[in-house]
Amino acid sequence: MKVEVSHVPEAKRYEARVDGETKVAGVAEYIRTTELVAFVHTEVEPEYEGAGVGSALVRTALDEARAANLRVLATCPFFAGWISRHPEYQDLLYQSRSKVSD
């Protein structure tokens with residue numbers, strides 16, 4: 001099974017399709033600023049769960065964030081879990097630079 005992921009900026013999401021089908025197998029939605037991309041929701045159609053669709057979405061989205069020099073805020077539990085299992089992407093995670101004063 002071949003998973004193809006495309007960026008659809010006008011919809012603020014990535015879409016995955018399997019084996020050249022027109023049907024969308026999964027999506028990863030985001031909110032983007034000039035410095036940060038927040039991944040807020042990932043959904044994979046039930047018939048494609050466990051087939052690598054979600055991983056393909058995350059990997060493509062994170063690779064593009066890295067190429068654009070963006071920090072990543074993984075509010076989506078799927079993104080957060082995936083990044084925690086792939087240390088090569090943890091450097092992308094957003095870290096607050098503000099200091100709380102007492």
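Start with Glu 15: with a relative accessibility of 10%, this residue counts as buried. Keep in mind as you click around that you're looking at a predicted model. Glu 15 sits in strand β2, which covers residues 13-18.

Now show what surrounds Glu 15. Ignoring neighbours within four places in sequence, its contacts include Glu 4, Val 5, Ser 6 and Val 8, plus Val 24, Gly 26, Val 27 and Leu 57.

Arg 17 is partly exposed, at 24% relative accessible area.

Pick Lys 23 and Glu 47, whose side chains meet at 2.2 Å, N to O. This pair links distant parts of the chain, 24 residues apart: Lys 23 is in the loop between β2 and β3, and Glu 47 is in the loop between β4 and α1. Both are partly exposed, Lys 23 with 38% relative accessible area and Glu 47 with 48%.

Last stop: Asp 91 and Arg 66, a salt bridge of 2.8 Å, N to O. Asp 91 lies in the segment after α2 and Arg 66 in helix α1, so the pair ties together parts 25 residues apart in sequence. Asp 91 is partly exposed at 45%, and Arg 66 counts as partly exposed at 34%.

Terms used: Residues are numbered from 1 along each chain as its sequence is written. This is a predicted model: local features need pLDDT of at least 70, side-chain atom pairs count only at pLDDT 80 or more; totals for chains, interfaces and linings use all residues. Side-chain values use heavy atoms; hydrogens and water are left out. Helices (H or I, at least four residues) and strands (E, at least two) are DSSP runs, numbered from the N terminus. Contact means heavy atoms within 4.5 Å. Buried means under 20% relative accessible area, exposed over 50%, partly exposed in between (1.4 Å probe, protein chains only). A salt bridge is a side-chain nitrogen of Lys or Arg within 4 Å of a carboxyl oxygen of Asp or Glu.
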